[in-house]
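Please read this briefing beside the sequence and the 3D view. It is meant for a reader new to the structure.

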Amino acid sequence: MAARSLWAVQRLQRLLASGLVSESRGWLHPFSTATQRTAGEDCSSEDPPDVLGPSLAEQALRLKAVKLEKEVQDLTLRYQRAVADCENIRRRTQRCVEDAKIFGIQSFCKDLVEVADILEKTAECFSEGTKPEDHKLTLEKVFQGLSLLEAKLKSVFAKHGLEKMTPIGDKYDPHEHELICHMPAAVGVQPGTVALVRQDGYKLHGRTIRLARVEVAVESQRRL
């Protein structure tokens, strides 16, 4: 406001110093219509500088800077929280993996304990106090125990996805079979197929965990 008032006083002094406007009819009054029109034109052509413009622009920039600073702080906080959440998830996942490695076969071991119980009861049949006349009965009990043991093992294996391979007659596959030797193909046996299994192979959920040791049939050489 002080700058605007100072400008108005200076402008008025310039108008008074310029005097009257000389025309053909003489001097005009300083405050005549012509003088006022001329003064008005001069005023309109020379407006005072916009003092409030820079202040408003600066204020707008400051408000925008404050807003951007708040957004940066908010994004930084959200980023820090996301990093912390990811770290917590990583730690929980690692703990779960470690627990799975340790206790992954817990159910399988629990079922094997029952198999061990059957073995222990079967072994008790061969106690030192067994009389010779009881040998037949003892052998019958042992046979029953072994039969029960085999059935229980098959049940446990099937429950946990463990499957015994039966490759007799199948084409030789190095991913499932371990070749021990070749043998002449018998009648009705196609060469290149498994003719004899020396040791059973096993699969766990379809993946081979032990190769079957086999003998493969080959075409016998003709004698002249």
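The points below cover a helix, an aromatic pair and a sheet.

This is a predicted model, in which local features need pLDDT of at least 70, side-chain atom pairs count only at pLDDT 80 or more, and totals for chains, interfaces and linings use all residues. Residues are numbered from 1 along each chain as its sequence is written, and side-chain values use heavy atoms, without hydrogens and water. Helices (H or I, at least four residues) and strands (E, at least two) are DSSP runs, numbered from the N terminus.

**Helix H5**
- Helix H5 covers residues 135–159; its 25 residues should span 36 Å at 1.5 Å a residue, and its end C-alpha atoms are 36 Å apart, which agrees.
- That expected span is 1.5 Å times one less than the number of residues.
- Buried residues (under 20% relative accessible area, 1.4 Å probe, protein chains only) of H5 include Thr138, Leu149 and Phe157.
- The buried residues of H5 pack against helix H4 (106–123), strand E3 (162–164) and strand E6 (202–204).
- Glycine 161, with a positive phi near 80°, follows H5.

**Aromatic pair**
- One aromatic pair is present (ring centres within 6.5 Å; edge-to-face means planes over 60 degrees apart).
- Phenylalanine 157 and tyrosine 202 have ring centres 6.0 Å apart and planes at 75°, so the pair is edge-to-face.
- Because phenylalanine 157 lies in helix H5 and tyrosine 202 in strand E6, the pair ties together parts 45 residues apart in sequence.

**Sheet**
- Three strands form an open sheet in the order E4-E8-E5, with mixed pairing (two strands pair if DSSP finds at least two bridges between them).
- Strands E4 (177–184) and E5 (194–199) are the edges, each pairing on one side only.
- E4 and strand E8 (residues 212–218) run parallel and are joined by seven bridges.
- Histidine 177 has alanine 212 in E8 as its bridge partner.

Methods. Buried means under 20% relative accessible area, exposed over 50%, partly exposed in between (1.4 Å probe, protein chains only). Contact means heavy atoms within 4.5 Å. Rings of Phe, Tyr and Trp (its six-membered ring) pair if their centres lie within 6.5 Å; planes under 30 degrees apart count as stacked, over 60 as edge-to-face and the rest as tilted.
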